[in-house]
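This report covers helix packing and a ligand shell. The sequence and structure come first.

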Amino acid sequence: MGFFQKLGLGLKKTSQNLSRGISDIFTKENLSQDNITDLEELLYSADVGVKATSEIIEKFKAKKFDKGSDIKNIKQELCQDIASIIKPSEQEFIIDNNKKPFIILMVGVNGAGKTTSIGKLGKKFQDQGYKVSFIAADTFRAAAVEQLTEWGNRHNIRVHSSAPGCDSAGLCYDGIKEAIKQNDDIVFIDTAGRLQNKKGLMEELQKIVRVIKKISPEAPHKTLITIDATTGQNGLDQVKIFKELVNVNGVIITKLDGTSKGGILIAIASETAVPIYYIGVGEKAEDMDIFKAEDFAKGLLEL
Ligand SMILES: Nc1nc2c(ncn2[C@@H]2O[C@H](COP(=O)(O)OP(=O)(O)OP(=O)(O)O)[C@@H](O)[C@H]2O)c(=O)[nH]1
Ligand SMILES: [Mg+2]
């Protein structure tokens, strides 16, 4: 199964609600203000958010659909409107070969999918011929180191780790030094999950960034945040706050499978200028791929 199909299946919970809702709205009666309000509510319930919803509604109103309008045509128009809103967030993830190792810091709240995403992306880049290593800087939990080590073992990727409880910034420093020595192309740094409103933990993350900069002032070359799509609108705050504090410059949206809140991707695209590089629709390595705006919009409307 190709990723486009997987995405379609993964988005089922969101797309079925939307599809059914649209059919219900536009088969009942003439298009009136009520229909527009229903459509608005439908978008809110998929966590599309206030800004993107009003943009979509404005575009949609201008089209003046009527009772006789074909549902497929309505969906196609909506699909185009959504795609045009999220398109600016579709950007190629480029590894700059002049920055060696290319250092990627992974951040986010607890359980969002950081470690899994590192495993998946590490494998992806290795398949492209890059020499990859991981730094297990989630020193809070022994299980976190084991989890990353398991991904490393599975794909023959070196994992730099230390005993739980050690200073994570120091571990990052050593890990990067080691990566330089080993001539690695890409280093992923896994960090502990932290809630965006916990000051101490956010300060610790800033310390990690400061220490990385001691080795290379331009690093981390990418700071990615993983957002669990099932958390809905809170994901938007997470992007904004992590961006403010550690200059997040890329988003990965995980767990789009099994949620009816897949619209959060649209909210993040419309309300932050941070590119969305990858999306996840399952636990396996092949369940993550590049974010493509048109494909996502099609999946969302079952087209
Ligand atoms: N269904 C589904 N599960 C996912 C996806 N991404 C990650 N998971 C699962 O989500 C759970 C949490 O993922 P982790 O990678 O451990 O998350 P984390 O952010 O590292 O968590 P902490 O280190 O505890 O903060 C695991 O069981 C993953 O297999 C996805 O795209 N879809
Ligand atoms: Mg983790």
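Ala, Val, Leu, Ile, Met, Phe, Trp, Tyr, Cys and Pro count as nonpolar; Asp, Glu, Lys and Arg count as charged; the others, Gly among them, count as polar. On that basis, the shell around ligand 1 divides into three nonpolar, 12 polar and six charged residues. The model is predicted.

**Ligand shell.** Ligand 1 is surrounded by 21 residues. The closest are Gly113, Thr115, Thr116, Gly193 and Gly280. Helix α6 (residues 114-127) gives the largest share of the shell, three residues.

**Helix packing.** Two packed helices are described by the angle between their axes and the distance between the axes. Helix α5 (residues 71-86) packs with helix α4 (residues 50-61) and with helix α11 (residues 264-271).

| Pair | Angle | Axis distance |
|---|---|---|
| α4 and α5 | roughly 135° | within 10 Å |
| α5 and α11 | about 50° | 8 Å |

The crossing of α4 and α5 is right-handed.

**Contacts.** From α4, Ala52, Glu55, Ile56, Lys59 and Phe60 meet Leu78, Asp81, Ile82 and Ile85 of α5. This contact holds six nonpolar, no polar and three charged residues. On the α11 side, Leu265, Ile266, Ala269 and Ser270 meet Ile82, Ile85 and Ile86 of α5. Here the division is six nonpolar, one polar and no charged. Ile82 and Ile85 take part in the contact with α4 and in the contact with α11.

Definitions and conventions: Residues are numbered from 1 along each chain as its sequence is written. Chains are lettered from A and ligands numbered from 1 in the order in which they are written. This is a predicted model: local features need pLDDT of at least 70, side-chain atom pairs count only at pLDDT 80 or more; totals for chains, interfaces and linings use all residues. Axes are lines fitted to C-alpha atoms, for helices over the stretch in contact, and angles run from 0 to 180 degrees between N-to-C directions. Helices (H or I, at least four residues) and strands (E, at least two) are DSSP runs, numbered from the N terminus. A crossing is left-handed if the near helix is turned anticlockwise from the far one by less than a right angle, and right-handed if clockwise. Two residues are in contact if their C-beta atoms, placed from the backbone, lie within 7 Å. A residue is near a molecule or strand if its C-beta atom, placed from the backbone, lies within 6 Å of it.
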